[in-house]
Structure formats: structure tokens, C-alpha cells
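Let's walk through a few features of this model together. Keep the viewer open as you read.

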Amino acid sequence: MPNTDSIARLLISCPDRPGIVAAVSNFLYSHAVNITTLDQYSTDPEGGTFLSRLEFHTPHMDVSGPALEKAFAETVAARFDMRWHISYAARVKRTAILVSRLDHCLLELLWLWRRGKLPTDIALVASNHDELRPVVEGFGIPFHHVPVAPGPEGKARAEERLLELTEGVDLVVLARYMQILSGAFVSRFPLRIINIHHSFLPAFVGANPYQKAYDKGVKLIGATAHYVIEELDAGPIIEQDVARVTHRHDIGALKDLGRDLERQILARAVRWHLEDRILLNGNKTVIFD
């Protein structure tokens, strides 16, 4: 197998027109890299948006990474009016996890990370409660208790501390962090905060979704992983799943099913982000999985 340190990924979004794939492929070929994965999607071949993810190996690349990016910008990206980004697997993204008291999503992420299935450096876990400290420190990961005192001043002080802790972090994961982040906090991590919502958005937003679902007599429950924007629970959806329920399921059973969905869906969304598999098209995501 190739050394993962030699893997690079190119994400592209641009107006669709003939010749894009040929131009990109020829450019990379001219610099002695080998394309191993190429996924593409067009919203409409006539006047639509072209989106693509390429994965390529660089051990024989004839220029440095910065030189490759400069040349690509000048010779290909400008020609096709591209929004684009190149990332390198050797540069592992740093992740911070925020959590409150429920541990199921947190433990799923930590377990996958320990098994080498989550390509990230978990820099820290922070919580507004202290109960999960022994669990987190048992994985050898720093744990920070950041209490949130009642009132706007208490929230502001807590977020100020969280911003200090997350300085230099690439991704923030809300693993059932039961605090609403301010617009000022969210703006520091544009499309780099992933939340798990314990209902099938856009239904049952806000608090107590399982009670709301139970009261409605739903036949499906679900969970949603999405990027966080300032508007509550309205960010681009990354992943969703559902489970069928019946009149025999009480609220406790709904929660058990829902938590299984939450941990699996959040883990998938986080992995896709870390592996650069998500592209934005307006407020929608395109996932090359």
C-alpha cells in the first residue's frame, strides 16, 4: 500500500463546461503525480455547477506543494473560475470535541480514533460538566472543564475560554454539547463546526425532540449531523439516518434507538470532513464517499 503521507486531495467547484477534467488531469500528469481517485458531479451540464474530488499520490512530484498550488491557480483554476483547495494527508487535522454529560457520541469518536479509524489529532475534550474527565483522560487526551455560569456574562466567559483552548484547531465537534454557541464563536470556525442533532431535521428542532416525536406518534425517528451556522440547527446537512418505531416504543426506547443513530451518524460526518469528502453547493452538501 502507498504511504498515506504521500496522499493529497484536490477539491473543485466551478461553473460546468467542457474540458475541466482534461485540464486538471493533464496538469497533474505534467507534474508526475498519479491520480488514484476521481469523483465528479454536475448539477446541470448546461449552466450548472461542476464539483469534483481527486485523490493523488505525490512521491514523484517534481515541485513542492506550494509551487504546485501556485501553478494550478495560475494555469487551471483561473481559466475555469474555480473555487478549489488542496490538502495533504501528512498534515493531520487537529480536532476539539465539546460535550456535556451524555457520552455515547464522545466514546464513539474516541474509540474510532484509538483504532486508527479517525484520521485526526484529538487535541482536547472540553465540557461544561466534569463527569467525563476520567473517561477522556483514560484515552490519554487532555480534558478541560469549562463551566457555563447562568446569564450572558457567564456564557461569554465560557466561550472566551473555549476560544483559547481551540486556538489552532481545524475542526470543532459538538458531541452532544448542550449549549448554544454564539454567532461570534461560530464565525471563528466557518463550516468547521459539526453538530449532531437528536432528531431528523428539519422536524422537531430545539429541545426535547424525543418527547415531541412521541407526542406526535411518529413511525420514524432519526438523527442529523450538520455544519453549525449562526441560525440554530439550520446549517448544511452532512448526514442523516432513521429507524422505524411503533406504538410499542416508549420515550426510553426512542432515546436508545436515537442515541445509536447519533453516534454512528456523527462519526461518519466527522470522518468525511477529515478526509475532505464534503463540498458545499449553496446550502447543500455533496458527499463523495
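## How two helices pack

Angles between axes under 35 degrees count as roughly parallel, over 145 as roughly antiparallel, 65 to 115 as roughly perpendicular, and the rest as oblique. Axes here are lines fitted to C-alpha atoms, for helices over the stretch in contact, with angles from 0 to 180 degrees between N-to-C directions. Helices (H or I, at least four residues) and strands (E, at least two) are DSSP runs, numbered from the N terminus.

This is a predicted model, where local features need pLDDT of at least 70 and side-chain atom pairs count only at pLDDT 80 or more, while totals for chains, interfaces and linings use all residues. Residues are numbered from 1 along each chain as its sequence is written, and side-chain values use heavy atoms, leaving out hydrogens and water.

Helix α1 (residues 20-30) packs against helix α2 (residues 65-80) at about 165 degrees, with axes 11 Å apart. The two are therefore roughly antiparallel.

## Who touches whom

With contact meaning heavy atoms within 4.5 Å, I20, A23, V24 and F27 of α1 meet L68, A71, F72, T75, V76, R79 and F80 of α2. These residues divide into nine nonpolar, one polar and one charged.

## Cysteines and a loop

Are C14 and C105 buried or exposed? Buried means under 20% relative accessible area, exposed over 50%, and partly exposed in between (1.4 Å probe, protein chains only). C14, at 3%, is buried, and C105, at 1%, is buried too. The whole structure has zero disulfides (pairs of cysteine sulfur atoms within 2.5 Å).

L232, in the loop between β10 (220-227) and β11 (237-244), is exposed at 52%.

Key: Nonpolar A, V, L, I, M, F, W, Y, C, P; charged D, E, K, R; others polar.
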